[in-house]
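Hi,

Here is the structure I promised to send over. Have a look at it first, and my notes follow just below.

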Amino acid sequence: GGKGVTHAPPPPAPKAEGRPHAKARAKSHSEAKPAVEPRKPDVRPGVQVKRLFWNTFRVGGVNSNTVWDAIDKEGATLDTKELESLFAETGVTAKNEVAARLQEEPARSPTVRRIRILHEQRRRQLCVMMARLPGSVHDTMQAVLSMDACCLDKDQVMLLLLNAPSQEEAHLLRKAQREETVDELNVWDTAEEFALALLAVPRFQLRLQVWDFENSFQEVSDLLYGTVRDTQRGLTCLQASPRLRHLLGLTLFAGNHLNGGTPRGRADGFSIDGLAQACTVRMSRGERQGTLVDFIVQQMDKQYPGELAEAFEPQRGEGEFVLAAGRRRLDDARLELSRTRGRCCQMLQALVVQKPGQCDDLVLLQHREILAMANAELEQLQVLYVRLDEAYDATCSWFHMQGTGSARKTVDEFFLAWSAFLHDVDRSRRALQQQEQQEVMRQRRLERSASRGLSPQSSRSFSRLPSRENLHQEREAAQQNHEGHPDNRARARTPRHRPDIVEGGHAVGARCNTN
């Protein structure tokens with residue numbers, strides 16, 4: 001109908017009770033319907049064209065009588081070239097271009113698959129390590145095989161040892177190597193290729209361990225020998241040095257005097273922990289603030305002049321030797337010696353030839369001799385450390401340190417107490433020395449002032465007087481300010497009288513020319 005035509009109301013909706021049954025019947029009917037085969041030919045446009053997004057269906061049955069059946073019987077002639085040209089997405093020449101590209105473009109090469117076995121984080125670690133190694137993977141493996149120090153330095157060898165495949169990773173890689181087919185289309189990824197190349201080197205783990213041990217042995221040996229040398233020298237100085245004995249005696253006498261009348265007074269000696277107490281007792285009166293250590297240093301300078309300077313002479317004094325021993329850690333050095341000796345023995349055991357012809361690797365045989373020499377040096381160091389314990393026992397007896405084992409101070413604790421005390425003594429000695437130098441400079445200034453016939457007050461005020469250039473500028477400014485005034489012109493030309501200005505024993509004003 002046209003506009004304004006009223007349609008009849010729609011029929012009432014069926015009751016809700018019948019809907020589920022109707023849906024079930026429609027569903028069963030659609031499921032029972034067989035699939036209809038398409039009657040139209042399969043056509044494909046030569047270019048990309050616009051699409052019609054409509055709803056379609058297929059008519060089933062041979063004797064159906066619909067408009068679609070009539071159209072199918074009549075057929076239709078259609079200019080497909082013009083249709084594609086008019087409704088093409090890519091333009092008129094798109095069909096020719098697509099056809100030419102399809103004819104000229106060769107068949108795509110198949111994708112190469114990279115075989116990955118390790119975890120992603122582990123693969124990144126290996127790739128970062130490989131970036132720090134020189135040359136190719138083959139060059140690196142040849143350097144590991146020959147243990148050539150000219151190709152890999154000690155840091156690179158340590159990197160290889162830290163990133164070497166573990167036993168679990170080696171098992172996974174070897175299993176994948178047996179199962180995977182490696183060809184043009186299946187290749188190992190970068191990290192897996194490097195790990196497999198390293199696994200192919202005979203006894204690669206042992207080679208890297210021996211190589212890393214030899215690279216770091218000299219540094220470890222210097223540390224162990226240096227600890228023995230400084231500790232032994234410090235113990236000898238504490239037992240034999242008269243200067244340190246004088247310093248300890250003054251500390252004992254001062255402590256007995258302060259503790260007079262108490263159970264702690266009249267002591268024959270004190271524990272080494274008492275050295276730290278001398279730094280905490282502060283002076284209550286005096287020209288300058290200080291501690292008991294400052295008082296002891298002053299008394300040491302009076303009774304034994306020059307001994308403290310000799311004791312702290314660089315590289316020669318006993319105090320410097322004791323401080324050097326305090327910077328060492330004997331317990332850590334002893335642990336490092338035990339760990340290094342254990343590594344060396346383990347590698348030597350792995351290189352022992354059990355049967356004739358079992359180890360024909362000439363490179364490993366050569367490095368086995370180097371390990372044997374290192375092991376002999378470590379045995380000698382162990383003997384030195386045993387003698388060092390004996391020297392410390394004698395030092396404990398010298399200082400009347402009772403107790404054994406854990407009840408007695410260790411060597412490190414003993415030298416730490418002495419180092420803290422000697423640091424305070426050296427600081428106080430330097431402060432006293434600086435004070436004496438300042439006093440000498442003050443006396444020299446007084447002597448120079450007396451030779452010029454000046455009082456101390458005038459010599460101090462002389463440094464605060466203006467210079468000759470400042471006086472000249474001041475006079476010029478006065479002349480400019482008073483220019484044009486006849487009464488003041490003569491006064492401006494005449495320099496002001498400054499009897500208190502003295503330079504070289506003569507009045508400055510006496511040398512000024514007047515106009």
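Helix H3 gives the most to the lining of the largest pocket, with 3 residues. H3 covers 80–86, and both H3 and helix H2 (67–74) supply at least two residues of that lining. Helices here are DSSP runs of H or I with at least four residues, strands are runs of E with at least two, and both are numbered from the N terminus. A pocket is an open set of points on a 1 Å grid over the protein atoms alone, where a 1.4 Å probe fits, with protein on both sides within 12 Å along at least five of seven lines; lining residues have an atom within 4 Å of a point.

The largest pocket holds about 1,800 Å³ of space, a volume being the space filled by probe spheres set on the points, which are joined across faces, edges and corners. In total 27 residues line the largest pocket, and Lys40, Pro41, Val43, Trp54 and Thr56 lie nearest its centre. By type, the lining has 15 nonpolar, 4 polar and 8 charged residues (nonpolar: Ala, Val, Leu, Ile, Met, Phe, Trp, Tyr, Cys and Pro; charged: Asp, Glu, Lys and Arg; polar: the others, Gly among them).

Please keep in mind that this is a predicted model, where local features need pLDDT of at least 70, side-chain atom pairs count only at pLDDT 80 or more, and totals for chains, interfaces and linings use all residues. Residues are numbered from 1 along each chain as its sequence is written, and side-chain values use heavy atoms, with hydrogens and water left out.

On confidence, the chain has a mean pLDDT (the predictor's confidence in each residue, from 0 to 100) of 79, and 73% of its residues reach 70 or more. Helix H10 (residues 204–240) has the highest confidence, at a mean of 95, and strand E3 (residues 502–503) the lowest, at 41.

Two residues may also interest you. Serine 419 sits in helix H18 (residues 411–451) and counts as buried because its relative accessibility is 7% (buried is under 20% relative accessible area, exposed over 50%, partly exposed in between, with a 1.4 Å probe and protein chains only). Leaving aside residues up to four places away in sequence, serine 419 touches Val322, Leu323 and Gly326. Phenylalanine 295, in helix H13 (residues 292–303), is partly exposed at 36%.

Best wishes

Methods. Contact means heavy atoms within 4.5 Å.
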